[in-house]
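Let's read a structure together, one question at a time. Keep the picture open as you go.

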Amino acid sequence: MFWRMVKGALFRQKGKMLMIAFTIALGASLSTAMLNVMLDVGDKVNQELKTYGANINVVPKGASLLDDLYGVGDGFGFSDKYLKESELGNIKTIFWAFNIVDFAPYFETRVSLNNADDEIKLTGTWFSHYLELPTGESLNTGMINMKNWWDVSGEWISDLDTDSAMVGSLLANRYHIQAGDLITAKSGEQSLFLNVKGIFNSGSDEDSQVFVPLSVAQTLAGRDGLISRVEVSALTTPDNELSRRAAQNPKSLSIKEWETWYCTAYVSAICYQIDEVMTDSVSKPIRQVAESEGAILEKTQLLMLLITILSLVGSALGISNLVTASVIERSKEIGLLKALGANNTPISWLILTEILFTGVIGGVAGYFAGLGFAQIIGQSVFGSAIDIKPMVIPIVTVLIFTVTLAGSIPSIRYMLSLRPAEVLHGR
Amino acid sequence: MFVALLAVAIGATVLSGLVTVYYDIPRQMGQEFRSYGANLILVSSGDQPTLSIDATERAKQYFPAENVVGVAPYRYKAAKINEQPFMMAGTDLAEAKKASPYWFVNGKWPESDGEALIGQQVADTIHLLPGGAFTLTGANIDGKSFTRDFSVSGIIQTGGTEEAFIFMSLADFDSLVGAGAFDVVECSISATETELNNIVTQITDNVPGVAPRLVKRVTQSEGTVLAKLQALVYLVTVVVLLLTMICVATTMMAVVAERRQEIGLKKALGAGNKSIINEFLGEGIFLGGLGGLLGVALGFVFAQIVSVNVFHRSITLQPILIPATLIMSFVITGLACLVPVRSATDVDPAIVLRGE
Amino acid sequence: MNLLELNGVSKIYSNVHALQKIDLTVEQGEWLAIMGPSGSGKTTMMNIVGCMDKPSQGSVILHGVNISQESAKNLTAIRRDKIGLIFQQFHLINYLTALENVMVAQYYHSIPDEVEALQALERVGLIERAKHLPSQLSGGEQQRVCIARALINYPMLILADEPTGNLDEVNEKIVLGILQQLHKEGSTIIVVTHDPEVADEAQRTVILEHGKIARIVQNN
């Protein structure tokens, strides 16, 4: 009989119950969408922040950084310390290999251009290099992905264009070079003809450099298989107290702390792991990028968290509000059941069962609708799918249950406290 | 009716709160992005390799004063410590701190003359710790040599070239090297790329001898990321608003549907459909107004909480939001009332009165 | 034997004296009508007898139990076991069929029994309407379902509050016919009514005025 009554209530007053289910579904879908987006927003924004380029600089141990910065380093000469090109693939084999988005090696040397007196910097790099890893996998990596703010007139060169070059805009102005011109680069006894395929504007000191494929620069300088530095772009977790201590001195950590640190994608942990696989290398986080990423990530996550809380509170209030209204609406029925001799407990169970049943239907429908909303947000903002986090399910379940119970129990109690005579006779 | 009022207030709170946050995001986030440091640098465009102080001041007039985060001029000169070559840099330290917030200083920023910040690499090479002392030797602009003792107030880490510099105040630098013009001026301005481009054009056209250049890595990337973030908050706002508004409408409908009997009674007493609808709409608009006002206030409180917690700044109330929220509340309560009232007025009063 | 005894029963709502020192006995098998103008205390008396309210003073003894002293929980049990209620507004649950509405009373009393519930509907002449919802029934039919529900647990006392108040003449006759039938079978019935015709059917009519028994009329 109990179930017959529940069934009657649910199916013979579809309109009412559907409206409650619909409202619960809206609340659930809102919570699901917001929670999923919130939990994934860190990864997504992190990915977006990769547009700022490298956040780790790998240099040979003991090498001097004092070289560029507005070209004031001229005359200090070049360090004779190098990293090995053959070890580059190892970067994609570290513990956090999956978080390494891109990397590009650089080999820098000085040349005189078109037989002028002063020397300029010629940099060899990977533009988009196909690399076979020791693990058997392969990937394309290089500078094109990491410098997407470069404004190139003409075109990017490829790693196979060994007779081509890209020239920085300042240099191009000084030497009156245009895309399509032929230039000569002379280093010591060696000299080379290069086709200028593109002029780029980067808004930094790179504008007074010439870029060529890595092997070209190495051959010109007579240092095959050697590189001056590597720029790495990695997805990282914002720094905290532990990672700061670790960055100062990894040996100061306890074994447990060390493991936590090593197994978290802190920029310092990734640097440490790169140092492990590259001989005589020192990896340094580029603080300008690493710090700012952390700050922006934290702000975005906090912002989303607060918006999520607002929408959770909003939907919770909305749902419990409607549930309360729907219970109060049933005052006569409750009074009648009492007059027919029903005790409080069975009446409460009856109404709770109906509401929870409605809640489950609404909640399940809302959960899937919410996944849809999350994907719409993910696709239209980030152009990629939002990761569906299973932990959202229990959160939403608990939320819906709590909210419907919170909405119904006080009102049921209030209804039960009324004497049937009051409700039935309006007295 | 309390239930309905609560529902409207929730909806209005979400509306005004989220829209305020949405409008404020670019401004607030733009400030955050300044932690990437300078987005505009001034260098010399003339024959002189340096920028005169006068030209710099003239260029600075083209910056929007309230959006300037920091403008740090730099002078560079090669110098030696223990016969090892280093680069000394003089700057306005207070401005440098604002323009390059990502500098990590182990120790303190210099507070008095004779104190210097040294890069991590310098510190490693000559084994200095904060509080240590070193002697700097070099030649001034007239070619005369100088020697001066400095104490290390702090060691800076940036992961970039700054780690190979010795930073000191401009006063110290000038006293050693002699007064002179700047090599470069780094500016951090809270503005969009278009605005920055305008500033660049204006300075190029009006201030001879100064070549402003955008730090593309910073400006362009900021534009990209900020656009995404704004799109995110925009979509989230739209979704939350949509769902909340429907939620409010269903609650309103439930509340009005409960009063079918009253409608039947009024009809039985001879009230026309029109007057009943007007009556309910009147109530709805009153509720909408009251709930809307409540929501404007609560929403502002919410936006303020978000802003203070996330960005550590307070926000200003957008006056346009008050009428906008109120109108939305009116529309939603009105629509939500109209649907059940219409269906109730269609019903025969006898049935409504008799029914349960 | 007396089924119901009211001794000096008073009910005071804040400062309104709804009932004042009512003394009344009802015998087993008796059909009693209560009449009186609005505000005379009819409904209050029904509520007290029906275990839905407690008197402020005095005692009510139903089948040897003093119900004026019982807890709300016990009152519910007494109401369930001994009393059948018939309302002017019918008060059927609108999402349950006629049959199910009858079975609800069985369910809270003991266990639902569909066959027995169908028999009860047959008695009120509604067997073919068993699967209809209240909204599909006429007022008279709804009242008959209400009567069937009141009968289903074989109550000692049937309390009917204006059972014909919302009915037309035809249905009024049908409902009165059913009550007469019940009376013949030995049920004790108390009917509150405005309608002298209904009151005439009863053996005795108690006339209330201002919360007091003005007079008692014996009908024949």
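Here are some questions and answers about this predicted model.

Q: Into which domains is chain A divided, and what distance separates their centres?
A: The domain assignment gives chain A a domain 1 made of 2-46 + 295-425, and a domain 2 that covers 55-285. Taken over C-alpha atoms, the centres of these two domains of chain A are separated by 54 Å.

Q: What about chain B: what are its domains, and what separates their centres?
A: In chain B, domain 1 is 2-31 + 224-354 and domain 2 is 39-213, according to the domain assignment.

Q: Which element gives the largest share of the side of chain B that touches chain A?
A: The contact takes 61 residues from chain B and 61 residues from chain A. On the chain B side, the elements giving two or more residues are helix H1 (2-33), strand E3 (84-91), strand E10 (210-214), helix H7 (216-257) and helix H9 (273-311). By class, that side has 36 nonpolar, 16 polar and 9 charged residues. The largest share, 24 residues, comes from H7(B).

Q: Which elements of chain A give two or more residues to the side that touches chain C?
A: This contact takes 22 residues from chain A and 23 residues from chain C. The chain A side divides into 10 nonpolar, 5 polar and 7 charged residues. The elements that give two or more residues to it are helix H1 (2-12), helix H10 (331-339) and helix H13 (420-425) of chain A.

Q: Is A:Val59 buried or exposed?
A: A:Val59 lies in strand E1 (residues 56-60) of chain A. A residue counts as buried if 20 or more other C-beta atoms lie within 10 Å of its own. A:Val59 has 22 other C-beta atoms within 10 Å, so A:Val59 is buried.

Q: Which residues is A:Arg229 in contact with, leaving aside its neighbours within four places in sequence?
A: A:Arg229 lies in strand E13 (residues 229-234) of chain A. With 21 other C-beta atoms within 10 Å, A:Arg229 is buried. Its contacts, sequence neighbours within four places left aside, are A:Asn57, A:Val58, A:Val59 and A:Tyr106.

Q: How far apart in space are A:Val59 and A:Tyr106?
A: Along the sequence, A:Val59 and A:Tyr106 are 47 residues apart. In space, C-alpha to C-alpha, the separation of A:Val59 and A:Tyr106 is 10.0 Å.

Q: Where on helix H8 of chain B do the buried residues fall?
A: Helix H8 of chain B runs over residues 260-268, and its buried residues are B:Ile263, B:Gly264, B:Lys266 and B:Lys267. Seen down the axis of H8(B), they fall within an arc of 165°, so they line one face of the helix.

Q: At what angle do the axes of helices H3 and H4 of chain C cross?
A: Two packed helices are described by the angle between their axes and the distance between the axes. Here the contact is made by residues including C:Leu99 and C:Val102 of H3(C) and C:Ala117 and C:Leu121 of H4(C). H3(C) passes H4(C) in a right-handed crossing. Their axes come within 9 Å and cross at roughly 115°.

Technical notes
Residues are numbered from 1 along each chain as its sequence is written. Chains are lettered from A and ligands numbered from 1 in the order in which they are written. This is a predicted model: local features need pLDDT of at least 70, side-chain atom pairs count only at pLDDT 80 or more; totals for chains, interfaces and linings use all residues. Two residues are in contact if their C-beta atoms, placed from the backbone, lie within 7 Å. Helices (H or I, at least four residues) and strands (E, at least two) are DSSP runs, numbered from the N terminus. Ala, Val, Leu, Ile, Met, Phe, Trp, Tyr, Cys and Pro count as nonpolar, Asp, Glu, Lys and Arg as charged, and the others, Gly among them, as polar. A residue is buried if 20 or more other C-beta atoms lie within 10 Å of its own, exposed if 12 or fewer, and partly exposed in between; C-beta atoms are placed from the backbone. The arc is that of the directions from the helix axis to the C-beta atoms. Domain bounds come from an automatic or database domain assignment. Axes are lines fitted to C-alpha atoms, for helices over the stretch in contact, and angles run from 0 to 180 degrees between N-to-C directions. A crossing is left-handed if the near helix is turned anticlockwise from the far one by less than a right angle, and right-handed if clockwise.
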